[in-house]
Amino acid sequence: MAQQIHYGSSGVFTSMILIINSGSSSIKMAVIDMPSESLLAEGMAERLGEPGASLSWHVAGDTERLSLPGADHHVAMEQMLASLFGRIDKTNILAVGHRVVHGAERFIAPTPLNDAVIAEIEALSHLAPLHNPANVLGIRAAREHLPGIAHVAVFDTAFHHAMPRRASLYAVPYHWYIEYGVRRYGFHGTSHHYVAREAASLLGREFADCRLLTAHLGNGCSAAAIADGVSVDTTMGMTPLEGLVMGTRSGDVDPGLHDFIARASGKSLAEITDVLNRQSGLLGLSGRSNDMRTLLEAAEAGDEMAALAVDIFCYRLAKSLAGLAVALGRVDAIVFTGGIGEHASEIRAKTVQQLTMFGVALDTERNELHGRQSNGFITMSGATLPVLVIATNEEAMIARYVYGVICPEE
């Protein structure tokens, strides 16, 4: 729910940033006042292209819901903006920030959008086929409906662009990197960046002198090692398929699996990759759901495959966090975020139990309360290695990036 609007001394907001996150079947929006970072409105259009398509807006404490049967991105964007600007003066929108998943090595910072930049983003779709095309759909629709103001792309990969070569390169022929851009890029950069900065503040340390392990756990999952203000390693790679077990994505598998399954099943490489992206992970293991809440309930009720999926998820996460610690030298804190990371106390407990080599142990009560009564900390006060739960706010982070482009001197 959006916060109640609090007007400044002038009585109006003149530095609103509209954040747009366009997915394959949804569009999320938020309006954030800068530099206060006050959330003024948030909305979502979902199930686009389906009979059950709909949108909702939360503005100034009021909620609006509207059915949009069969609406595509263009229709949904038009209706969402019309609903929003019935409540907020569009002339107060300073700029629009667009989340884009993959920027490769071409886009390593927030980038003002024009036709040439959009074409380049579209050309990177082979690196994120589930994401970049949908991002571009949203960008095109928004620019058509909001001409004459700045549109800025913020890339999930950008925060990881400075990873050292020992972390970013694969042990494959080097000319693949030179000719095709084959390397590890990393994702969820805005989320990792946001919670790492928040963690440094809670720890009472300068962000530039802080070494953290961050775990963004949702339907997509990744962990990162952040040292002295920059990402030095992460679990996702050239595409969002690498790394941890996720909702429907397999994460790491033997590269020989493609050839084996192709020979055994007659499936094409594209079909196998699609299965690894859409029918694997928690869904594939459990045969039941990609939703961790459903699996935890099923495991509690005795579903062995749901329990196995949960165990594998936590083991692979713990194993990855332990491995990422190598990149840091020391670890000042572990941070959980994302839908699972923020709300699934059992997942945090099962993961941390496997990290006893770091001398870390949770406070059961603090963990069950998700750190809400302890300033995010779910370990005992004075713990050797603090563990925190921090709610991510990618929209606020994107707004910061965009505001820095539009108002660089403020």
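Student: How do you know what the numbering and values rest on?

Tutor: The model is predicted, so local features need pLDDT of at least 70 and side-chain atom pairs count only at pLDDT 80 or more, while totals for chains, interfaces and linings use all residues. Residues are numbered from 1 along each chain as its sequence is written, and side-chain values use heavy atoms, with hydrogens and water left out.

Student: Why is Asn367 called buried?

Tutor: Buried means under 20% relative accessible area, exposed means over 50%, and partly exposed is in between, using a 1.4 Å probe and protein chains only. Asn367 has 3% relative accessibility, so it counts as buried. Asn367 lies in helix α14 (residues 364-368). Helices are DSSP runs of H or I with at least four residues, strands are runs of E with at least two, and both are numbered from the N terminus.

Student: What does Asn367 touch?

Tutor: Contact means heavy atoms within 4.5 Å. Not counting residues up to four places away in sequence, Asn367 touches Ser345, Arg348, Ala349, Leu362 and Ile378.

Student: What makes the approach of the Asn367 side chain to Ser345 a polar contact?

Tutor: A polar contact is a pair of N or O atoms within 3.5 Å; within protein, one must be able to donate a hydrogen and the other to accept it, and residues adjacent in sequence count only if both atoms are side-chain atoms. The side chain of Asn367 reaches the backbone oxygen of Ser345 at 3.0 Å.

Student: Where is His73, and is it buried or exposed?

Tutor: His73 lies in helix α1. Its relative accessible area is 9%, so His73 is buried. Leaving aside neighbours within four places in sequence, the contacts of His73 include Ser22, Gly23, Leu48 and Leu137.

Student: Why are α1 and α3 called oblique?

Tutor: Two packed helices are described by the angle between their axes and the distance between the axes. Axes are lines fitted to C-alpha atoms, for helices over the stretch in contact, and angles run from 0 to 180 degrees between N-to-C directions. Angles under 35 degrees count as roughly parallel, over 145 as roughly antiparallel, 65 to 115 as roughly perpendicular and the rest as oblique. Helix α1 (residues 73-85) packs with α3 at an angle of about 45 degrees, and their axes are 9 Å apart. The two helices α1 and α3 are therefore oblique to each other.

Student: Which hand does the crossing of α1 and α3 have?

Tutor: A crossing is left-handed if the near helix is turned anticlockwise from the far one by less than a right angle, and right-handed if clockwise. The crossing of α1 and α3 is right-handed.

Student: What makes α7 and α8 roughly perpendicular?

Tutor: Their packing angle is about 115 degrees, with the axes 10 Å apart. On that scale, α7 and α8 are therefore roughly perpendicular to each other. Their crossing is right-handed. Leu257, His258, Ile261 and Ala262 in α7 meet Leu269, Ile272, Thr273 and Leu276 in α8.

Student: How do you know that the buried residues of α2 line one face?

Tutor: In helix α2 (residues 115-123), the buried residues are Val117, Ile118 and Ile121. Seen down the axis of α2, these fall within an arc of 100 degrees, so they line one face of the helix. The arc is that of the directions from the helix axis to the C-beta atoms. On the other side of α2, Asp115 and Ala123 are exposed. The buried residues of α2 pack against β6 (93-100), β7 (111-112), α3 (132-145) and β8 (150-155).

Student: What caps the N-terminal end of α2?

Tutor: Asn114 does, with a side-chain oxygen 3.1 Å from the backbone nitrogen of Ala116.

Student: Why is Glu37 called partly exposed?

Tutor: The relative accessibility of Glu37 is 27%, so it counts as partly exposed. Glu37 sits in the loop between β2 and β3.

Student: What is the phi of Glu37?

Tutor: Most residues other than glycine have a negative phi, and most peptide bonds are trans. The phi of Glu37 is near 65 degrees, a positive value in a residue other than glycine. Arg47, also not a glycine, has a positive phi of about 55 degrees.

Student: Which residues does a cis peptide bond join?

Tutor: Met34 and Pro35, with omega about 10 degrees. Pro35 lies in the loop between β2 (26-33) and β3 (38-46).
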